[in-house]
Amino acid sequence: MTIEYLKRGKPEAERAENDAKTRAIVETTLKAIEEGGDTAVRALSEKFDNYSPTAFRLSQQDIDALIAQLSDRELADIDFALTQVKRFAQAQRDSMLDIEVETLPGVILGHKNIPVQSVGCYVPGGKFPMVASAYMSVATASVAGVPRIVACTPPFGGAPNAGAIAAMHLSGAHEIYVLGGIQAIGAMAIGTETIDPVHMLVGPGNAFVAEAKRQLFGRVGIDLFAGPTETMVIADETVDAELCATDLLGQAEHGYNSPAVLVTNSRKLAEETMSEIDRILEILPTAETARASWTEYGEVIVCDSYDEMLEVANDIASEHVQVMTDRDDWFLDNMTCYGALFLGPRTNVAYGDKVIGTNHTLPTKKAGRYTGGLWVGKYLKTHSYQKVLTDEASVLVGEYGSRLSLLEGFVGHAEQCNVRVRRYGGINVPYGEAAPTRDAAE
């Protein structure tokens, strides 16, 4: 068994881009927002986005005017994608049930799924206005029942992007601000004179946005730690090089540091795909970005067997995994570490990114080993409760609780149990001592 790299990307240790510098910039910026509030946010918006409107929050009149800039076809397309996302999110929400069970006679335990009460959704801009990110975060929060949804997106070309604003509004955002980067994340999490802080932050972004979320985690909740987008194609000779190359470059165009990996058991397909990538890069309008990603972070890995392909894929734990083989369902059954799977040649990552209905905010940098992506359940907190209905049940649980508390040395805990054993069971337990066993008490 051999695993051969026909092309390697940068070692993972070299992929961090000025992490220390980014951390310092974010820390200083968040401190400025905390101390300066709206004044600091405005200064940052002027500095980074050259944008300083009368108000960062859009009025309903502003929103209506922006939506009016879109054609009927554009609005219908947004509505179609939004419908798919909401439909799948609602099916997920319906699967999450509150429960209540009687585990012992008279002992009732349960849990309730309660929405986070306020969420800040960041919709990135960068090189492209990320319209789809609006309904991925905002619509899913709306389906979860979040009562206050704040959405921020940077200006695009010096003005609000009509598509992103329309998607935010139609998805159910209650407050929409034209703010980008650290200033948006900080304003939503910390709060200013005009923006009330939220309980949770969600949505993708650049390295500074990701670092701001990391530093604010704990003060607020976050969806996940996200890095540059990643894609993997797992393929055998049932597909051709054009499909493989197209799917790899389709994600490589996201940024200059977006890993794209081909894993195959066919050397012929591997070599043809590399040639096809070279061909497409000569005609792809976004080739400057895609070529940089492919050159620095692209990998081609040839394996002897499907088991080796599976091993490699689980180890890399890519954000997006496109599977095009003669045994796609076998990979579905056996893959354990990834962001999302795209099974068969008829689907692709762009479907998931834009329109099919699953969420495109997914784990990167091997985080797929311990978490999935953003979904309706991320906005729900599962809270337990308990109640004891009978004297007998309270005494039974109290006896065990008393003895176990003292086993750990917690006398105060034991007395919480003992006082109920005395009151509801008529058993004279000396203060600070363990309750007797049921047989000894009787």
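Student: Leaving aside neighbours within four places in sequence, which residues is Y135 in contact with?

Tutor: In this predicted model, Y135 is in contact with A81, L82, V85, T140, A167, S171 and K354 once those neighbours are set aside, and contact here requires heavy atoms within 4.5 Å.

Student: Which residues have the most contacts inside the largest nonpolar core?

Tutor: They are Y135, L179, L201 and Y379, in a core of 69 residues. Helix 4 (residues 131-144) gives the most to this core, with ten residues. Another core, of 22 residues, lies apart from it and has A235, V239, A252 and A260 among its members.

Student: Why is G432 called partly exposed?

Tutor: Its relative accessible area is 24%, and since buried means under 20% and exposed means over 50%, a value in between is called partly exposed; therefore G432 is partly exposed at 24%. G432 is found in the loop between helix 15 (411-425) and helix 16 (438-441), and, not counting residues up to four places away in sequence, G432 touches L406, V411, E415 and N418.

Student: What puts the buried residues of helix 9 on the same side?

Tutor: The buried residues in helix 9 are L269, A270, T273, E276, I277, I280 and L281. They cover an arc of only 125° around the axis, so they lie on the same side of helix 9. What covers these buried residues includes strand 1 (3-7), helix 8 (241-252) and helix 10 (287-297).

Terms used. Residues numbered from 1 in each chain as written. Predicted model: local features only at pLDDT ≥ 70, side-chain atom pairs only at ≥ 80, totals over all residues. Heavy atoms only, no water. Helix = DSSP H or I, 4+ residues; strand = E, 2+ residues; numbered from the N terminus. Buried < 20%, exposed > 50% of the residue type's maximum accessible area, 1.4 Å probe, protein only. Arc of directions from axis to C-beta. Core = buried A, V, L, I, M, F, W, Y, C linked by side-chain atoms within 4.5 Å.
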